[in-house]
Amino acid sequence: MKTLIILSHPDVSGSSTQQFLMAATQTLENVTLHHLEKYYPQGNINREYEQTLIADHDRIIFQFPLYWYSSPATLKEWQDVVLDEKKIDDWQGKEFGIVVIAGVAKKEYQAGGREIFTMDELMRPYQAVANKFKWQYLPIFGIYQFAYMTESCKQKLLIRYQQYIMLGNSQSLADRMAWFQHQLTEVSRTKEASVQHKIDLIKEQLQANQEELEMLRFTLDELE
């Protein structure tokens, strides 16, 4: 599937989170990163071009920082200009996801928390858009307090983010393992023979684990 990331942020160069996420997409296949503020510094969004981008991709991702419980103004303008009910039949069947970055801890987005509402509730208008265009609405990918994350947490975030972008709704264990194997194959192409051998061993172990899981699932199905 081809993924279109529609990024809206007025100051990407000053955002460590966006720099991190942008770097994470550079090696991904069939992924288009489209930064609205860079492409349209003066506004004047090109309706036909943007609609063509949507038509040419199977998975649409909105990526933005949370500004007053919504997106930056440019993304709102993009929606007003580009989205068209006449395109429902042409665009139906796509996947639609949200990558939202918040400076407040995740625990605050709940009843009794400082923000009261969950992130799912705050993003409900985007779910309505997905419903209107008959898109499959993906679980929200929230990033909270990136600046306070440890390097270990950031590495885990990197993997989860890349899987979200590449796999979308296909997030079964088998899908994730296949994704890991593919990533290892790509990495091994640029490594020395000794490192390639270690990577091959890891891939073999992943394959063996996957086969064991499939056998276990088959056994459980037989018991039901």
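Contact, in what follows, means heavy atoms within 4.5 Å. Helices (H or I, at least four residues) and strands (E, at least two) are DSSP runs, numbered from the N terminus.

What you see above is a predicted model, where local features need pLDDT of at least 70, side-chain atom pairs count only at pLDDT 80 or more, and totals for chains, interfaces and linings use all residues. Residues are numbered from 1 along each chain as its sequence is written, and side-chain values use heavy atoms, with hydrogens and water left out.

I will start with helix α7, residues 124–132. Its buried residues are Tyr126, Val129 and Ala130; buried means under 20% relative accessible area, exposed over 50%, and partly exposed in between, with a 1.4 Å probe and protein chains only. Around the axis these three cover an arc of only 100°, so they sit on the same side of α7. The arc is taken from the directions from the helix axis to the C-beta atoms. As background, an α-helix has 3.6 residues a turn, so residues three or four places apart point the same way. Pro125 and Asn131 are exposed, on the face of α7 turned away from the buried side.

Next, α4, residues 73–82, where Thr74, Leu75, Trp78, Gln79 and Val82 are buried. Seen down the axis, they fall within an arc of 145°, so they line one face of the helix. Ala73 and Asp80, on the other side of α4, are exposed. The buried residues of α4 pack against several elements, including β1 (3–7), α3 (47–55) and α7.

Now the cores. A nonpolar core is a set of buried Ala, Val, Leu, Ile, Met, Phe, Trp, Tyr and Cys residues joined through side-chain atoms within 4.5 Å. The largest one has 33 residues, and Phe62, Trp78, Ile98, Met119 and Met123 touch the most other members. Its largest share, four residues, comes from β4. Leaving aside neighbours within four places in sequence, Met123 is in contact with Phe64, Leu66, Tyr69, Ile98, Tyr137 and Ile140. Apart from this core lies another, of 17 residues, with Ile101, Leu157, Tyr164 and Ile165 among them.

Last, Thr17 in helix α1, residues 16–25. Is Thr17 buried or exposed? Thr17 is buried, because its relative accessible area is 9%. Beyond its neighbours within four places in sequence, Thr17 is in contact with Ile101, Ile143 and Phe146.
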